[in-house]
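Please look over the sequence and the model before reading the notes.

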Amino acid sequence: MSFFKKLKEKFVKEFEVKEEPLEEEKEEKGSEEDPDTGDVVESDDLQGETEVTEEQEVEEVAEVSEEEPEEPEEDEEVDEPVEVEEPLQEEETVEEEDPVQEEEEDSIASKFKRGLAKTRNSFSSKINDLVARYRTVDEDFFEELEEVLISADVGVNTVMEMIDELEMEVKRRNIKDTQKVKEVISEKLVEIYYGDEDAGEVEGLKENPDGLTIYLFVGVNGVGKTTTIGKLAHRLKAEGKNVTLAAGDTFRAGAIDQLEAWGERVGVNTVKHSEGSDPAAVIYDGIKSAKSRNSDVLICDTAGRLQNKVNLMNELSKVKRVIEREVPGAPHEVLLVLDATTGQNAMSQAKTFSEATDVSGIVLSKLDGTAKGGIVLAIRNELEIPVKLVGLGEKVTDLETFDAHAFVYGLFADMIDDYEEEENES
């Protein structure tokens with residue numbers, strides 16, 4: 001089976017199979033809401049889910065209700081049997097986006113495709129243009145392909161390694177047609193990310209099986225660190241976990257208020273001190289509070305530590321020592337947040353932080369805002385630090401566990417669709 005076909009079946013066809021019965025069930029539930037008590041119970045569950053979305057998007061709902069006359073009519077239309085169909089359709093579209101399980105299924109097929117739109121449009125157009133200009137695979141073809149990959153911020157060292165492997169694979173398979181090279185490129189991108197690990201399993205966040213799990217977030221100002229913490233707290237709470245936040249960024253004005261606002265929005269407790277306080281003291285109180293509340297997870301924010309600020313790096317070491325003393329084996333993840341839109345600058349940040357502390361994983365924010373998403377591969381290949389999470393949008397649910405296969409699918413989605421059309425025609 002071809003690699004494109006495997007990706008198509010894994011990330012699209014499986015999702016479509018799961019999606020169809022869900023839609024049928026919703027239609028049945030909608031038609032049987034009035035007579036059946038069993039469906040009333042199910043509608044309560046759905047109401048609970050819509051309440052969550054109202055908390056998440058209060059401002060948007062308020063704006064829509066003021067500007068558009070349709071939503072206020074929903075309350076009136078409930079009593080009018082003739083006009084019940086329109087609001088039901090609107091509610092169904094909201095419900096399809098909000099439940100956590102459907103978000104997880106949709107993330108594979110749609111979120112990576114949508115989040116990587118800028119990278120895909122730039123990368124795919126260059127690949128297609130290259131293939132159109134070359135009918136045979138030769139040295140000139142590989143030289144231009146090398147430039148395309150570097151322009152996507154895959155990284156010079158990673159690109160050189162990939163080109164060498166591509167040339168060997170093309171010779172081994174005796175590939176002459178440039179169209180068939182697209183598939184080999186996608187396959188090699190996945191292999192480069194996982195390296196020598198044959199399993200290719202998705203690396204999720206580590207958890208403490210014996211008690212409190214602590215995640216320490218680090219990164220410079222402006223990369224989306226606090227926002228990422230809020231999104232992760234929402235995700236963990238949706239999974240049924242009790243979450244506490246510790247506002248350890250006492251250096252930046254407004255950082256404490258920003259994290260506290262996220263805590264209120266998500267519905268989790270936030271431990272804070274006044275601005276300028278000792279971050280280690282805040283984290284210490286956060287651990288005590290998390291333990292007293294029987295929290296499952298404590299997420300610790302830290303100041304945006306600039307690479308040239310040695311004192312801030314020493315401060316980070318102090319915070320780590322406090323965590324290790326209070327919870328042996330913690331922190332269970334030291335997550336470095338990088339802004340994908342900064343390209344190679346993110347690489348230099350990753351190198352500096354990995355030298356200053358034991359970074360266990362990368363959170364790549366704003367991946368949807370860059371045309372150079374290849375930085376994911378450069379970080380993984382050159383620094384040997386796994387990308388654990390990626391930000392694929394501005395919604396609170398747009399923080400996703402990184403999957404190299406899903407990443408490559410999002411990168412080659414258009415080519416995969418074209419490939420399927422060609423297969424069907426033949």
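**Ser-124 and the overall chain**

Apart from neighbours within four places in sequence, Ser-124 contacts Thr-119, Leu-411 and Met-415, where contact means heavy atoms within 4.5 Å. Ser-124 is part of helix H7 and, with 4% relative accessibility, is classed as buried; buried stands for under 20% relative accessible area, exposed for over 50%, and partly exposed for what lies in between (1.4 Å probe, protein chains only). The model is predicted, so local features need pLDDT of at least 70 and side-chain atom pairs count only at pLDDT 80 or more, while totals for chains, interfaces and linings use all residues. Residues are numbered from 1 along each chain as its sequence is written, and side-chain values use heavy atoms, with hydrogens and water left out.

**Chain totals**

- The chain holds 17 helices and eight strands; these are DSSP runs, numbered from the N terminus, with helices (H or I) of at least four residues and strands (E) of at least two.
- Of the 426 residues in the chain, 47% are buried.
- Taking contacts between residues at least 6 apart in sequence, 74% join residues at least 24 apart.

**Around H7**

- Arg-120 is located in helix H7, which covers residues 117-133.
- Its relative accessible area of 6% makes Arg-120 buried.
- Not counting residues up to four places away in sequence, Arg-120 touches Lys-113, Ser-125, Gly-410, Leu-411, Ala-413 and Asp-414.
- Lys-113, one of the residues touched by Arg-120, sits in helix H6 (residues 100-115).
- Lys-113 is partly exposed, at a relative accessible area of 26%.
- The C-alpha atoms of Lys-113 and Ala-406 are 8.4 Å apart in space, although 293 residues separate the two in sequence.

**H7 against H8**

- H7 packs with helix H8 (residues 139-151) at an angle of about 170°, and their axes are 10 Å apart; axes are lines fitted to C-alpha atoms, for helices over the stretch in contact, and angles run from 0 to 180 degrees between N-to-C directions.
- H7 and H8 are therefore roughly antiparallel; angles over 145 degrees count as roughly antiparallel, under 35 as roughly parallel, 65 to 115 as roughly perpendicular, and the rest as oblique.
- On the H7 side the contact involves Phe-123, Lys-126, Ile-127, Leu-130, Val-131 and Arg-133, and on the H8 side Phe-141, Glu-144, Leu-145, Val-148, Leu-149 and Ser-151.
- These residues split into eight nonpolar, one polar and three charged; Ala, Val, Leu, Ile, Met, Phe, Trp, Tyr, Cys and Pro count as nonpolar, Asp, Glu, Lys and Arg as charged, and the others, Gly among them, as polar.

- Helix H10 (residues 181-194) and helix H16 (residues 375-383) have axes that come within 8 Å and cross at roughly 40°.
- That angle makes H10 oblique to H16.
- Leu-189, Ile-192 and Tyr-193 of H10 meet Val-376, Leu-377, Arg-380 and Asn-381 of H16.
- The residues of this contact comprise five nonpolar, one polar and one charged.
- H10 is largely enclosed by the rest of the structure, because 13 of its 14 residues are buried.
- Arg-173, in helix H9 (residues 156-173), is partly exposed at 35% relative accessibility.
- Beyond its neighbours within four places in sequence, Arg-173 is in contact with Val-184 and Glu-187.

**H11 against H12**

- Helix H11 (residues 225-238) and helix H12 (residues 255-266) pack at about 20° with axes 9 Å apart.
- H11 and H12 are therefore roughly parallel to each other.
- H11 contributes Thr-226, Thr-227, Ile-229, Gly-230, Lys-231, Ala-233, His-234 and Lys-237, while H12 contributes Gln-258, Leu-259, Trp-262 and Val-266.
- By class, the residues of the contact of H11 with H12 are five nonpolar, five polar and two charged.

**Glu-275**

- Glu-275 is found in the loop between strand E3 (269-271) and helix H13 (279-292).
- With a relative accessible area of 54%, Glu-275 is exposed.
- Glu-275 touches Thr-250, Ala-253 and Ile-256, residues up to four places away in sequence not being counted.
- Glu-275 and Gly-254 are 21 residues apart along the chain, and 8.4 Å separates their C-alpha atoms.
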